[in-house]
Amino acid sequence: MGEAGPRILVLHGPNLNLLGVREPEVYGTTTLAEIDAQIATEAQARGATARSLQSNHEGALIDAIHDARDAADGLLFNPGAFTHTSLALADALRSVGLPCVEVHLSNVHAREPARRVSHVAPACVGTVTGFGPTSYLLGLRGLLDYLSAHADAR
Ligand code: CA2
């Protein structure tokens, strides 16, 4: 961990670039830029820094996870629908060994059965699901507390 405090990489998966623009009845009216600004403010208040990246491409997300090995101390990750399909993202998380918190806007357990399955969750230290944009802030809090508690291990 650097002197500037923990460095958090926030990753958003497919279609989340449309937040606040399409289907507000399902995913709300807050845009991704607004969520990223809230995360950055909250991170700063906790002495951390947060950088955000959204991609609709599984390979780009895998590359970002690999790059995070040297550039971040922890990951906050909404893998979108890749959550339910991607062993490759789970493998990438395991391969870098960085603590990751999985977050979802919707309560995936209250939706279709296929969304109750997460391939990513077993490679994460925890999951927050169902609180809209607040899921990210709760996840950030959990991740920063986890990093403080495990500071010696890194
Ligand atoms: O609840 C979540 O955060 C999800 O990761 C969102 C994914 C969904 O496939 C997961 O099961 C749960 C979908 C993101 C789609 O985002 C949109 C945003 C605006 C309009 C349409 C889709």
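A polar contact here is a pair of N or O atoms within 3.5 Å; within protein, one of the two must be able to donate a hydrogen and the other to accept it, and residues adjacent in sequence count only if both atoms are side-chain atoms. The model is a predicted one, with local features needing pLDDT of at least 70 and side-chain atom pairs counted only at pLDDT 80 or more, while totals for chains, interfaces and linings use all residues. Residues are numbered from 1 along each chain as its sequence is written, and side-chain values use heavy atoms, leaving out hydrogens and water.

Glu 102 sits in strand E4, which covers residues 100–104 (strands are DSSP runs of at least two residues, numbered from the N terminus). Its side chain makes a polar contact with the side chain of Thr 127, at 3.2 Å. A polar atom of the Glu 102 side chain also lies 3.3 Å from the backbone nitrogen of Ala 121. Glu 102 touches several other residues beyond four places away in sequence, among them Phe 77, Pro 79, Cys 124 and Val 128 (contact means heavy atoms within 4.5 Å).

Now for the ligand. It is surrounded by 17 residues, and the closest are Asn 78, His 84, Leu 105, Ser 106 and Arg 115 (a residue counts if one of its heavy atoms lies within 4 Å). An N or O atom in the side chain of His 84 is 2.7 Å from a ligand oxygen atom. For the side chain of Ser 106, the corresponding distance to an oxygen atom of the ligand is 2.5 Å.

Key:
Helix = DSSP H or I, 4+ residues; strand = E, 2+ residues; numbered from the N terminus.
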